Amino acid sequence: MAHPKAVMEPSSSGSAEKRAGGNPWLVLLAVSLGVIMVMLDGTVVGIANPSIQADLKASLSDLQWVTSGYLLALAVFLITAGKLGDLFGHKRVFLIGVAGFALSSVGIGLSAELADVIPGVTPIGALIGLRVLQGLFGALLQPAALALLRSAFPGEKLNQAMGAWGAIIGLSSAAGPIVGGLLVQNASWETVFFINAPVGVIALVMGFFLIKDNRSQTFARIDWLGVVLLSGAMFSLVWTIIKAPEWGWGDSTTLTFVAAFAVLIGAFIFWQSKARQPLVPLSLFKNASISIGTVLMMMVAFAMFGAMFFLGFFFQGVHGLSPLEAGLRMLPMSAGMIFASPLAGMAIGRFGPKITMGAGLLITAVSMFLMSQLSIDASFIESGIPFLLLAFGLSPVFVGATEIIVGNAPVELSGVAGGLQQSAMQVGGALGTAILGAVMAAEISSTLPGYLGPAAQAIPPAQLAGLEKAAAFGAAPAGLPQPIVDAVHNSFMDGMHLAFLVSTGVAVLTAALTMFVRAGRKAEGAPVHMG
């Protein structure tokens, strides 16, 4: 049944321009600048992690929280943030997100100073807390940006826009490791967060003048009960997967949070089927491609975020490279996305998402397998080939899943769809970081005594536990004999190799799902139905 206030999709380029701005390509540039901050932040943090660990005496779990706390905030708030954009205007929400993200980034760079003036707060605690705040503002920014693109471009040009969007983001990702390496090596890790301030100012100015506001005329209020139920369910899920390795998967606390997730998500689904103005209309999922696209985004993020978390430690700890040299090692992947993303958009337009995304996931699987074979002294070419392959593997999936989810959603639900797409990515990333981190830690504990040989029997349990923690960073404590250093490095490599092998399997299994995907775009000018 059609919604009584359903709107019409734009039927021409001109109507799209009227909805979102004078020139859709300038709208693309403006919103990309905002998202560039998020991408820069993601790539530079990987380079900065070893310096953060050394400077703030952070543990592995602390550093996982630097990543997972950010992903947790994004995952919990993204769909709600998309709804806020639908209700109050995507431009307004986008600009608030940009401003808040830039300010919280500056706060992260000042976390040590903030800890000095806030009683009971440690520098790493302040950093993690501000990363959570940064994630909340990032949640406002990302679905609003996608919704603005969805309304700015007519359907036949959306693939091109998504490809260009991916190329711009790829360029920022390519700059991230180099800029981050230069700043960490020649200044400090704090400066990698300060760089978001000037980018944020430019994005605010361009967004204010180039983007015209747009919002849904369909809904009049927020489904606050839906917000509470979904946020509680997402929090319970992500908190469980982050903390379960520490608690134990069979521990009563873990099982309590699993039960809480099951109850809350069940209550949320029931309420969405009854609410007059639901937070996430279940009719979205009547389109199988939207449902499958959500799963695809989650699984590919699982493989990428989970396995890539350890590469900074590999290059700087085990391989002994400088931050700049580590950034250069990652350049083939991020630079490759500059070319791979627009090619992916064109390929999806010509061959459809099924073939293009399936091929991308198989290329991703090959890349992950090659990374599982890297040696301690891998050359630039040996690491660069799988990184370049990964760019051409991930781009079709990210571009295709975004087009499937956002492109198939009704215009008035584009913010919710953008939030769904981004939430799937963040949940998948948190899952990958937590689960593959646990896999790697278990492998290190299993293999380190064997590498130590008979000497392991003479090492006190507390010191052996300390070596296992050091091995998780790929860096042995100073002053140890070379055979012990080699054992630490070799056990790290075993753990990293296993993480990449798991990611290989995830990519292969996910490729099978693409066989059930269809573009399913509505014809231009067709009325939007909400079920």
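The model is predicted, so local features need pLDDT of at least 70 and side-chain atom pairs count only at pLDDT 80 or more, while totals for chains, interfaces and linings use all residues. Residues are numbered from 1 along each chain as its sequence is written, and side-chain values use heavy atoms, leaving out hydrogens and water.

**The chain as a whole**
- Welcome to a protein chain with 19 helices and zero strands; helices (H or I, at least four residues) and strands (E, at least two) are DSSP runs, numbered from the N terminus.
- Of its 531 residues, 57% are buried, meaning under 20% relative accessible area with a 1.4 Å probe, counting protein chains only.
- Among contacts (heavy atoms within 4.5 Å) between residues at least 6 apart in sequence, 84% join residues at least 24 apart.
- The chain's accessible surface is about 19900 Å², and 70% of that belongs to carbon and sulfur atoms; areas come from the Shrake-Rupley method with a 1.4 Å probe, and for residues only the protein chains shown count as cover.

**A nonpolar patch**
- Leu328, Val366, Phe369, Leu370, Phe380, Ile381, Ile385, Leu389 and Leu501 form a nonpolar surface patch, with about 750 Å² of accessible area together.
- Helix H15 (353-371) and helix H16 (380-408) each give two or more residues to this patch, and H16 gives the most, with four.
- Patch residues have over 30% relative accessible area and no salt bridge, and nonpolar side chains (Val, Leu, Ile, Met, Phe, Trp, Tyr) are joined within 5 Å, like charges within 9 Å; a salt bridge is a side-chain nitrogen of Lys or Arg within 4 Å of a carboxyl oxygen of Asp or Glu.
- Val366 lies in helix H15 and has a relative accessible area of 44%, so Val366 is partly exposed, the class between buried and exposed (over 50%).

**A loop residue**
- Pro281 is in the loop between helix H11 (252-274) and helix H12 (288-308), and is buried because its relative accessible area is 4%.
- Pro281 and Leu413 are 132 residues apart in sequence, yet 8.7 Å apart in space, C-alpha to C-alpha.
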